[in-house]
Amino acid sequence: MNDIEGLSNLEVAEVIMRNLDEGFRFYMCKNCNYVSSDLSFMKSAGTPCSNCGAIDAPQKFLPLSALLLREMICYFYKRAYERLEEWKVKLVEDIRQRVGRDYDGEILIKVRRKARGLYAKDRDWQKYLKKIKEGLLLDSDDEAKKANEAFLLYSAIPPEEYMAIVTMTCTLLEVLLNDLLALIAGRGDVQPRMSREEVENVWGFRRKKELFKKLTKISLNKAIAECSEGSFYSDWGEIMNRRNKFIHKGSPLLIGLDTAEKSFNLAKNCPFVFAELQNRFAIVK
Ligand SMILES: [Zn+2]
């Protein structure tokens, strides 16, 4: 069951903030670890697990810590959105004062993004300025420079909320990976058999990936590709990389709208991906 399908990310954030487990009311069987989205399994007493037949063994699939992290990510996503809206209003006003023209906020952002994209490619300041001038139908380079001063004030530094979204999404995914590894390593028929505490003491993504492969004989990358569509694994790698650079080297500029959006999508989709992984690798036979 997926009752967040078709909603925008902002709407998803609002829905999850109202109800922590909205959109993925999955339950798992305590007896065999099977994850089901069948509500009757949870709600009607005596409904057996469709995998092992155990009765009255369901529990919520995601731990409370994961639910809370997701809710926090949604809170910061909504705040980031509101902040951008505030910036847009200020940007429109500032540009009106500097060049004496009225623009739609969305158009300003689009023109700036295109110009920046161009600049990122060949670092040509004149081309950048020309793009601003053309995009905003300005008469002179001087006006384009004035408009750019406004852009620098309102869009050069990404909102702090993005850092929170990205770091918390990395933590959320780590919590889920730890949980999955603990269930697999506790199955009894896999080697090495490890306690949850031992699994949690395996630090770092690279080591966790190695442990996953040792336990399942398949790489995490391949397993995720088989359980999900799109770029879940590569997006995960990318946000982790940027999170690490931000935390260890202090580079907030590496975390912009795209990274925040990718992180939010990962936070939104991770219950579905991890439910699939659990049903494939963690079922007690
Ligand atoms: Zn079961």
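**Helix pairing and cores in a predicted model**

In H7, Tyr162, Ile165, Val166, Thr169, Leu172, Leu173, Leu176, Leu180, Leu183 and Ile184 meet Thr259, Ala260, Ser263, Phe264, Leu266, Ala267, Cys270, Phe274, Leu277, Gln278 and Phe281 of H12. Contact here takes C-beta atoms, placed from the backbone, within 7 Å. Sorted by class, this contact has 17 nonpolar, four polar and no charged residues; Ala, Val, Leu, Ile, Met, Phe, Trp, Tyr, Cys and Pro count as nonpolar, Asp, Glu, Lys and Arg as charged, and the others, Gly among them, as polar. The axes of H7 (residues 160–185) and H12 (residues 257–281) come within 9 Å and cross at roughly 5°, axes being lines fitted to C-alpha atoms over the stretch in contact, with angles from 0 to 180 degrees between N-to-C directions. That makes H7 roughly parallel to H12, a label for angles under 35 degrees.

The model is a predicted one: local features need pLDDT of at least 70 and side-chain atom pairs count only at pLDDT 80 or more, while totals for chains, interfaces and linings use all residues. Residues are numbered from 1 along each chain as its sequence is written.

Overall, the protein chain has twelve helices and three strands, read as DSSP runs (helices H or I, at least four residues; strands E, at least two) numbered from the N terminus. Of its 285 residues, 32% are buried, that is, with 20 or more other C-beta atoms within 10 Å of their own, the C-beta atoms being placed from the backbone.

As for cores, a nonpolar core is a set of buried Ala, Val, Leu, Ile, Met, Phe, Trp, Tyr and Cys residues joined through C-beta atoms within 7 Å. The largest holds 55 residues, and Ile73, Ile165 and Leu172 touch the most other members. H7 gives the largest share of this core, 15 residues. Leaving out residues up to four places away in sequence, Leu172 touches Ala66, Leu69, Arg70, Ile73, Ala267 and Cys270. Another core lies apart from that one, with twelve residues, including Val111, Tyr128, Ala144 and Tyr154.

An automatic or database assignment divides the chain into domain 1 (89–155) and domain 2 (158–285). Their centres, taken over C-alpha atoms, are separated by 39 Å. Ser140 sits in the loop between H5 (125–135) and H6 (141–155). Ser140 counts as exposed because it has 10 C-beta neighbours inside 10 Å, the limit being 12 or fewer. Between the C-alpha atoms of Ser140 and Lys209, 69 residues apart along the chain, there are 55 Å.

Note on methods:
Angles under 35 degrees count as roughly parallel, over 145 as roughly antiparallel, 65 to 115 as roughly perpendicular and the rest as oblique. Two residues are in contact if their C-beta atoms, placed from the backbone, lie within 7 Å.
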